[in-house]
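User: I have a model open and want to go through some local features. Can you take my questions one by one?

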Amino acid sequence: MKKNDFYLIIGILIVTGIVVLTSNLISRNNSGSAAVAVVTIDGKEYNRYPLDKDVTERIELSDGAYNVISIHDGICEIKEASCRDQICVHHMNVQYDGQTIVCLPNKLVVTIVNSDEDDIDGATH
């Protein structure tokens with residue numbers, strides 16, 4: 001391998017890294033505009049909450065369990081839950097398409113869904 005081959009390989013890696021980072025940032029910026037938090041309980045859709053409106057709601061379940069979901073500043077989180085392990089409460093905030101928070105004991109799932117249809121699918125990125 002010669003010196004110029006090494007420079008060529010490094011240049012290709014840098015350009016590839018820039019393209020990947022740019023496409024990820026563009027897709028994340030596009031997903032936040034019309035995103036909604038879809039709450040499902042035991043596999044059935046409970047409600048949809050737009051991420052551009054601030055909401056705090058206590059979701060009561062039939063067995064007396066509960067979760068408190070909070071949406072503010074374009075992010076969604078579970079503030080409080082009646083489950084023992086509290087994994088859902090300590091989970092990171094979600095805001096991008098496809099991110100989820102799961103409360104397994106209460107069978108509650110919060111999924112971020114982008115309602116805008118993209119012209120480009122994941123395979124073309």
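This is a predicted model: local features need pLDDT of at least 70, side-chain atom pairs count only at pLDDT 80 or more; totals for chains, interfaces and linings use all residues.

User: Is Glu77 buried or exposed?
Analyst: Glu77 lies in strand E5, residues 75-81. Its relative accessibility is 14%. The cut-off for buried is under 20%, so Glu77 counts as buried.

User: Which side chain makes a polar contact with the side chain of Glu77?
Analyst: Glu77 touches several residues beyond four places away in sequence, including Val68, His72 and Asn93. The polar contact between side chains, at 3.4 Å, is with another residue. That partner is Lys79.

User: What kind of aromatic pair do Phe6 and Tyr7 form?
Analyst: The count comes to one aromatic pair. In the pair of Phe6 and Tyr7, the centres are 6.2 Å apart, with 55° between the planes. Planes under 30 degrees apart count as stacked and over 60 as edge-to-face. The pair is therefore tilted.

User: Is Phe6 buried, exposed or partly exposed?
Analyst: The relative accessible area of Phe6 is 47%. Buried needs under 20% and exposed needs over 50%. Phe6 is therefore partly exposed.

User: Which residue lies over the face of Tyr66?
Analyst: Look at the ring centre of Tyr66. At 3.7 Å from that centre sits Arg58.

User: What is the bridge partner of Val36 in E2?
Analyst: Strands E1 (residues 35-41) and E2 (residues 44-50) pair in the antiparallel sense over six bridges. They form a hairpin with two residues between them. In E2, Val36 is bridged to Pro50.

User: Which residue in the turn between E1 and E2 has a positive phi?
Analyst: Two residues separate the strands of this hairpin. The positive phi is about 55°. It belongs to Asp42.

Conventions. Residues are numbered from 1 along each chain as its sequence is written. Side-chain values use heavy atoms; hydrogens and water are left out. Helices (H or I, at least four residues) and strands (E, at least two) are DSSP runs, numbered from the N terminus. Buried means under 20% relative accessible area, exposed over 50%, partly exposed in between (1.4 Å probe, protein chains only). A polar contact is a pair of N or O atoms within 3.5 Å; within protein, one must be able to donate a hydrogen and the other to accept it, and residues adjacent in sequence count only if both atoms are side-chain atoms. Contact means heavy atoms within 4.5 Å. Rings of Phe, Tyr and Trp (its six-membered ring) pair if their centres lie within 6.5 Å; planes under 30 degrees apart count as stacked, over 60 as edge-to-face and the rest as tilted. A charge sits over a ring if NZ of Lys or CZ of Arg is within 6 Å of the ring centre and within 35 degrees of the ring normal. Two strands pair if DSSP finds at least two bridges between them.
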